[in-house]
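Me: Hi! Could you walk me through this model before I set anything up?

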Amino acid sequence: MTRTTPRFHLWIFLFLILAGEFVEASSYPVRINDSTGAPIAIGGPPQRVICLVPGITEILFELGCGDAIKGLTAYETYPPETADKEVVGGFLSPSITRIEALNPDVIFLSSLHQDIRDRFAGDPCLLIQLESHSVEEIFGTVETLGKIFSREEKA
């Protein structure tokens, strides 16, 4: 019977760690369909997010993605860390100029934000509408956000 050395075990351990990192890093692109049915491909974890939907903001902070949020509406006051984020206007009247200045890679919006959709259509910025009208849809939104930000386990 052959004995293995501690060095061999170390190499196996390091290999498994690196293999896990590779699997995590290769989980992109992520493909989802938003509430409009639009297919969306996300190439990597969003880094500059504008969130115009308070419920989505709360979920993102719960998932540990608050650092990615760069702008939100004046009505997004929970959790307390939202106070450190740039306010881009109200829910019904977000400022396109303020949003543009933050150079977002993703904007979470609602069906009420047609002016934002019109302005950023064709822009490299992804527009994602995740509306929930039932408890089941809320759970689906949490799972989708977990997938987008590679936080499936937490979601």
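Reply: Helices (H or I, at least four residues) and strands (E, at least two) are DSSP runs, numbered from the N terminus. This is a predicted model, where local features need pLDDT of at least 70 and side-chain atom pairs pLDDT 80 or more, while totals for chains, interfaces and linings use all residues. Residues are numbered from 1 along each chain as its sequence is written, and side-chain values use heavy atoms, without hydrogens and water.

Me: Great. How many helices and strands does the protein have?

Reply: There are five helices and seven strands. Reading from the N terminus, the order is α-β-β-β-α-β-β-α-β-α-β-α.

Me: And what share of the residues is buried?

Reply: Of the 155 residues, 37% are buried (under 20% relative accessible area; exposed is over 50% and partly exposed in between, with a 1.4 Å probe and protein chains only).

Me: What about contacts between residues 24 or more positions apart?

Reply: Those pairs account for 42% of the contacts with a separation of 6 or more, a contact being heavy atoms within 4.5 Å.

Me: Let's get into the helices. At what angle do α2 and α5 pack?

Reply: About 55 degrees, with the axes of α2 (residues 54-62) and α5 (residues 135-148) 10 Å apart. Axes are lines fitted to C-alpha atoms, over the stretch in contact for helices, and angles run from 0 to 180 degrees between N-to-C directions.

Me: So what do we call α2 and α5 relative to each other?

Reply: Oblique. Under 35 degrees would be roughly parallel, over 145 roughly antiparallel and 65 to 115 roughly perpendicular, and the rest is oblique.

Me: Which residues of α2 and α5 meet?

Reply: From α2 you have I56, I59 and L60, and from α5 they meet T141, V142 and L145.

Me: OK, zoom in on T141. Buried or exposed?

Reply: T141 sits in α5 and is buried, because its relative accessible area is 6%. Leaving aside neighbours within four places in sequence, T141 touches I56 and I59, as well as L130 and S132.

Me: Back to α2. Which residues in α2 are buried?

Reply: I56, T57, I59, L60 and F61. The cover over these buried α2 residues includes α5 along with the strands β3 (49-51), β4 (69-72) and β6 (106-109).

Me: What comes after α2?

Reply: G64 follows α2 with a positive phi, near 85 degrees. D67 then lies in the loop that leads from α2 to β4. D67 counts as exposed because its relative accessible area is 67%. The C-alpha atoms of D67 and V49 are 9.1 Å apart, although 18 residues separate them in sequence.

Me: Change of topic: where should I look for a cis peptide bond?

Reply: One joins Y28 and P29, with omega about 5 degrees. P29 is in the loop between α1 (6-25) and β1 (30-33). Another cis peptide bond joins Y78 and P79, where omega is about 0 degrees, and P79 belongs to the loop between β4 and β5 (86-87).

Me: Last one, I116. Buried or exposed?

Reply: Buried, because I116 has 0% relative accessibility. I116 is in helix α4 (residues 114-120). Beyond neighbours within four places in sequence, I116 contacts L52, P94, I96, I99, I107, L109 and L127. From I116 to S95, 21 residues apart along the chain, the C-alpha separation is 8.8 Å.
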